[in-house]
Amino acid sequence: RGVSTPPLRLAMKTVRKQWREAISAYQFVLSFLFMGPFFSLLLLFLLFTPLWSFSVLYLVWFFLDWDTPNRGGRRFAFMKTWSMWKELRDYFPVKLVKTAELPPDRNYVIGGHPHGIMSVGIFTNFNTEMNGFSKHFPGIRLTSVGLSFIFYFPIYRDYVSSYGICSVNQRSLDFILSQPQPGQAVVIIIGGAQEALYAIPGTHHLVLRNRKGFVRLALRHGASLVPAYSFGENDIFHLKAFAPGSWQYLCQVAFKKLTSYSPCIFWGRGLFSANSWGLLPFARPITTVVGRPIPVPRILCPTEEEVSHYHTLYMQALETLFEEHKETCGVPASTHLTFV
């Protein structure tokens with residue numbers, strides 16, 4: 001500390017840091033949007049070149065490994081600690097707030113809200129170790145789940161799986177929560193792709209009112225329910241929202257039913273200029289608050305009344321979590337959650 005840093009070097013370091021952060025955020029967006037289609041087309045192209053054997057060997061592996069996303073996936077610890085994710089965290093920045101302990105002697109179903117456009121808060125806090133989830137909640141083995149169709153993309157499926165992400169279907173979820181060792185936690189973005197259509201900056205609309213499958217899952221396994229809310233998730237992109245009932249909205253819904261993916265018209269800022277539009281997210285703070293666990297009994301065949309009871313408890317706990325932390329996370333006191 002006795003040696004001061006020359007102002008010019010400090011300024012240069014700051015600029016370099018800004019560029020590293022921006023490039024990390026940009027690659028996250030490009031990977032999210034284009035990595036799956038790119039490698040699918042690349043493998044198809046290679047089939048008609050002297051390198052056709054690479055495609056054939058991978059496709060053999062692809063089919064032999066087909067069931068892995070339904071059986072706990074395949075994760076690599078080093079992927080969670082890449083320095084690239086530190087830059088992504090610092091770009092917004094993304095923070096993690098713990099409100100209660102999650103004892104490792106039981107299992108959990110963690111509900112992630114909102115989906116936003118790309119669920120940056122959930123990814124950074126639960127799929128990387130940049131904010132030290134494993135230190136905040138020792139003994140908890142996290143498994144995030146994503147749309148099943150993303151595991152149909154070659155190469156991309158292996159990339160996604162390496163972060164501990166599995167397919168969001170009953171077989172996959174039951175497999176994870178049926179492991180003999182306790183401390184299993186599945187992270188489900190409850191609103192899913194449908195909620196991306198409501199990711200308007202400054203709003204907090206959640207597709208939750210009729211989403212009860214995660215509660216049935218928790219009851220079947222006696223897993224505690226845990227709400228988690230990412231403040232600021234909806235603020236990192238602008239979204240062109242269409243009125244419900246309009247032909248554009250109906251097209252989005254129809255496409256979502258066919259593919260499980262909601263096509264959104266969204267934009268951020270340009271990579272080289274903050275005054276132009278592009279795919280780089282806006283640098284808005286994202287704070288993921290993990291709530292208190294809600295104890296759930298084990299009921300193998302829960303009734304609709306039992307499911308509705310715990311679903312109501314979950315919604316109340318999520319609303320309480322939002323109200324307790326909204327003002328410290330930059331949300332006006334007059335703003336409340338809206339359940340769709």
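Reader: Before anything else, what does "buried" mean here?
Author: Buried means under 20% relative accessible area, with a 1.4 Å probe and protein chains only. This is a predicted model, and by that cut-off buried residues make up 49% of the 340 residues in the protein chain.

Reader: OK. How many helices and strands does the chain have?
Author: The protein chain has 11 helices and 12 strands. Its radius of gyration is 21 Å, close to the 20 Å from the globule rule for 340 residues, so the chain is as compact as a globular protein of that length.

Reader: And what box do the C-alpha atoms fill?
Author: Roughly 65 × 55 × 55 Å, taken along the principal axes.

Reader: What about contacts, how many join residues at least 24 apart?
Author: 79%, counting contacts between residues at least 6 apart in sequence.

Reader: Which residues form the nonpolar patch on the surface?
Author: Leu41, Leu44, Leu47, Phe48, Trp52, Val56, Val60 and Leu64, with about 860 Å² of accessible area together. Helix 1 (7–46) and helix 2 (52–64) each supply at least two of the patch residues. The largest share, 4 residues, comes from helix 2.

Reader: Take leucine 44, which helix is it found in, and why does it count as partly exposed?
Author: Leucine 44 sits in helix 1. It counts as partly exposed because its relative accessibility is 46%, and that class runs between the 20% and 50% cut-offs.

Reader: Where does UniProt place the "transmembrane region" feature?
Author: The unreviewed UniProt entry puts it at residues 21–39 and 45–64. In the model, residues 21–39 are 100% helix and 0% strand, with the end C-alpha atoms 25 Å apart. Residues 45–64 come out at 75% helix and 0% strand, and there the end C-alpha atoms are 22 Å apart.

Reader: New topic: helix 9. Is it largely enclosed or open, and why?
Author: Helix 9 (residues 213–221) is largely enclosed by the rest of the structure, because 7 of its 9 residues are buried. Those are Phe214, Val215, Leu217, Ala218, Leu219, Arg220 and His221.

Reader: What do the buried residues pack against?
Author: The buried residues of helix 9 pack against strand 2 (108–113), helix 7 (170–177), strand 5 (184–189), strand 7 (224–231) and helix 11 (304–325).

Reader: And what follows helix 9?
Author: Glycine 222, with a positive phi near 65 degrees.

Conventions: Residues numbered from 1 in each chain as written. Predicted model: local features only at pLDDT ≥ 70, side-chain atom pairs only at ≥ 80, totals over all residues. Heavy atoms only, no water. Patch = residues over 30% accessible without salt bridge, like charges linked within 9 Å, V, L, I, M, F, W, Y side chains within 5 Å. Areas by Shrake-Rupley, 256 points an atom, 1.4 Å probe, with all protein chains shown as cover. Salt bridge = Lys/Arg side-chain N within 4 Å of Asp/Glu carboxyl O. Rg over C-alpha atoms; globule rule 2.2 N^0.38 Å. Contact = heavy atoms within 4.5 Å. UniProt positions renumbered as here; feature names shortened; annotations may be inferred.
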